[in-house]
Structure formats: C-alpha cells, structure tokens
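These are my notebook entries on one structure. I looked up the sheet, the aromatic rings and the nonpolar core, in that order.

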Amino acid sequence: AWAILQPLSGLLLLLALCLPWWWLLRQALGGGSPDREPTGGSLLRPSWSRIFGPYYLYRTPQLALPWLVLFPVLAVVAARCWGEDRRIRLLAFLVLVPALLLSLGPQRRWYYMLPALMPLCLLLAAAWERVYAEPQRWRGLRRWLAWALPAQWVVALVLVAGLALWADPECCPDLRQSLFWALPMAIALGLGYWRSGPGGREPLAAAAASTALFLVVAGSVYAGGSGLLDANKREPLAIAEMLALDTAPGIPLATLDTANESFVYYAGRRTLGFSNGSRLSAWLQVDGSGQDAGLILILRRSALPQLPPELPRRRLYPGAEGIDDPLIVLALGSAADAVTP
C-alpha cells in the first residue's frame, strides 16, 4: 500500500502546490487571516452534526438527467450484484465517498459533485449492461424499462406544455414555439414504439429516442424561457459587471441583507456584507448630522426602509423589470457625489 499510495512524495507535492497559494491569498487580504474567509475553507469546515444531511445523495443523481429513470434499475442491480461485480463496487465508492464527505460541510452546492459525473454514468452503463446481458435474470426490469423509458417524454411534454401556458408571452415569446419541436417527435416516437411492441431489444431504441426528445424539449425550454427561468440568476451578474466597469475600485462595495458572494466573484472586488441597517449606519458613522464615509450598496427594494433617511444617496441601478423584489444599487454618503448615475 505504501508503494502504491506514495504518501511522502504525495504530501510534498501537495505542499508545493498549496503553500504558495495560501501565502499569496494572505498577501491579497492585507496580511489578514484567511481562516474566516470563504476562500480559506470556512464554508467546507466539517461537522459531524451534518452527517445525515441527504442533499448530496438526492441532488447528485440529477446530474445524470435525462437518465434519472434508470436509477431504480441501478439500485436493484447494485443490491443483487454487490458481491459479484467489482466494477459496481468501485464506481459506487467513487460516487458515494465524496457525497458523504461533502455532507459534513455547511455548503449545499450541486456542482461540487461534478467530478463524480463520469463514474456515475459508468455505473449506470454497467447496470444497463448486466440487465441486457442476462435477459432471464432481469426479465422484470426489462419489462419495467419498456414502459418507463417512453413515459419520460410524456412527463417532459406535460411539463413544457404547462410552463408554456403559465408563462407570460411577453416575457418568453418563444417558449410556446418549443411545443412545435416536441410534438412531432413525440408522435413519431409513440407510433414507432407501438408498432415495434415492448418486447425484445426495443427498450434500447426507446431509450435513445426518448433521450433525444428530452434534450430537444429541454433545450427549447431553456432557449425560449431563459428570461423566465434565469432572471434571478442574471440579475447579480449584470450588476457586478456594471460596477466593475463604471465605478472606481477605491469606493467600498457592500450588500445589505443579501448574499455578497456573486459580487465578490464577478466584480473582482472585496464586498462587505451587512445584515441590517443599524450595522450599516455604524460603519458609515452616521450620527444625524452627516456622514464620514461612503460606499456603493446593493440591496433589495424591500430593504430601503432600513437606510437612515438623512443619508445622501444616488441610485445607480434602478432594478430589473419582471421581478417582485429586485436588486437596486445606491451610492451612499460621500460616494453619492463621487460617482456618476
């Protein structure tokens, strides 16, 4: 095991890669300790109290869309072949171990499990291979697949039809057109499947055809309904890009009662975070007669009453339309005279 793992040389390589990064991070923070910063690992600090959190166990299979329908098959095959198929054990460990380790931390981010996507897909392929290599042993699963695989495009069509009818046509004018892409494929797939029957090798053809349909539907929904589905995600990005281009880096940037991670990343600037208006006032040193500091503040429109009424302000970003409680950007205090609206 020592010769295979090479722990001494591995540790030296790890230090050579990581120590310079930590040193540069500390310099970028002005000599401050990175322990309490998100980049210092505070968001991944483990705690045994979170070990039973199921997030990464139910969120990881969603990475394999549109193959979710195969996971019941995988569960049955893995339970019956755990002791006889070494491939399934190895691939399952490559998926389960990082999922359980990440469950110990406070973060819930699905993309942390993206490195497990390849072993997850190979695990599904191994289960599928066993089902079709031993037809007598897995007769029940093959019969279930014969109906479950075509059923997924029915679900996809129902979802896209409901979304197209519910969405505002002015917000997403192309969303309803996505049905014209999906309906002909659905009819062709249904006719072909009805003619071939549910026996023999047809479930494999149904899998390929229904997967193609699913991807067409999902792609058309994303293209036609992106204004509806991604408005809340695009809003911080647009604000961060505006601030990065149009404001001087010397003016402090802050958020009030909203997450600041997106602005740190996309604007490339340190962003303060205030949980309430009193903390913001204390930082600005507002005492009723004026102010000693200024900053650019990002907040939800509903949080405006938390600001001191006597504080000079200038609106830089009015807020996106079509959102109930949009983000707005204000230049406060001395920054109100230092930036152009």
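**Entry 1: the sheet**

I began with an open sheet of five strands, which has the order 2-1-3-5-4 and mixed pairing. I used this rule for pairing: DSSP must find at least two bridges between two strands. Helices (H or I, at least four residues) and strands (E, at least two) are DSSP runs, numbered from the N terminus. The structure is a predicted model, in which local features need pLDDT of at least 70 and side-chain atom pairs count only at pLDDT 80 or more, while totals for chains, interfaces and linings use all residues. Residues are numbered from 1 along each chain as its sequence is written, and side-chain values use heavy atoms, with hydrogens and water left out.

Which strands form the edges of the sheet? I found strand 2 (271-274) and strand 4 (313-317), each of which pairs on one side only. From one strand to the next, the twist averages 30°. Angles run from 0 to 180 degrees between N-to-C directions, and axes are lines fitted to C-alpha atoms, for helices over the stretch in contact.

I then looked up strand 1 (residues 253-256) and strand 3 (residues 294-300), which pair in the parallel sense over four bridges. Leu256 stands opposite Leu299 in strand 3. Helix 12 (residues 277-284) packs on the sheet and touches strand 1, strand 2, strand 3 and strand 5 (327-333); contact means heavy atoms within 4.5 Å. The direction of helix 12 makes about 170° with that of strand 3.

**Entry 2: aromatic rings**

I searched the whole structure and found six aromatic pairs. Rings of Phe, Tyr and Trp (its six-membered ring) pair if their centres lie within 6.5 Å; planes under 30 degrees apart count as stacked, over 60 as edge-to-face and the rest as tilted. Tyr55 and Tyr56 form an edge-to-face pair, 5.0 Å centre to centre with 90° between the planes.

Are Tyr55 and Tyr56 buried or exposed? Buried means under 20% relative accessible area, exposed over 50%, and partly exposed in between (1.4 Å probe, protein chains only). Tyr55 counts as buried because its relative accessibility is 14%, and Tyr56 counts as buried at 2%. Ring pairs link Tyr55, Tyr56 and Tyr58 into a cluster.

**Entry 3: the nonpolar core**

The largest nonpolar core has 25 residues. Such a core is a set of buried Ala, Val, Leu, Ile, Met, Phe, Trp, Tyr and Cys residues joined through side-chain atoms within 4.5 Å. Helix 6 (117-133) is among the helices that each supply at least two residues, and helix 6 gives the most, with seven residues.
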